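Start with the whole chain, then turn to single residues. Keep the backbone angles in view as you read.

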Amino acid sequence: QQFAGKRIRVHAIYKYGFEIQRLYSPACCPERGVKIWVEIETGLEGESLKVYHKFPKGMGLALATFEGTFESGGPYGDSGYRLKFTVDKIEKLEADGEAIRPS
């Protein structure tokens, strides 16, 4: 709740595919397992757009650094999410696909 309505920068595992776009909490996070819906702005430009195009096509996992606005209250996504992160900047992609295994 302390980040609701604020612009934040996160380094997280992003899982995406048909009807799923979410962030996974790292193992060290005290609120591990909290579901966060992700929406990536359609107007990405410059480096953010280049990084976005490096994500595996279709569905997959990506460890990346994102900036955007965090919201709470929901429901978001398929109505199963009470938190949403709207991404308007992607700084870097560190790993994708098989290199990532969220627990």
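Of the 103 residues of the protein chain, 35% count as buried. The model is predicted, so read every value as computed from it.

Take the fold next. The protein chain holds 1 helix and 5 strands. Their order along the sequence is β-β-β-α-β-β.

Now the backbone. Most residues other than glycine have a negative phi, and most peptide bonds are trans.

Where is the cis peptide bond? It joins Gly 74 and Pro 75, with omega about 5°. Pro 75 lies in strand β4, which covers residues 60-76.

Glu 19 has a positive phi, near 60°, and is not a glycine. Look for Glu 19 in the loop between β1 (7-17) and β2 (20-24). Is Glu 19 buried or exposed? Exposed means over 50% relative accessible area. Glu 19 has 60% relative accessibility, so Glu 19 counts as exposed.

Ser 79 also is not a glycine, yet its phi is positive, about 75°. Ser 79 sits in the loop between β4 and β5 (81-96). Its relative accessible area is 54%, so Ser 79 is exposed.

Conventions:
Residues numbered from 1 in each chain as written. Predicted model: local features only at pLDDT ≥ 70, side-chain atom pairs only at ≥ 80, totals over all residues. Heavy atoms only, no water. Helix = DSSP H or I, 4+ residues; strand = E, 2+ residues; numbered from the N terminus. Buried < 20%, exposed > 50% of the residue type's maximum accessible area, 1.4 Å probe, protein only.
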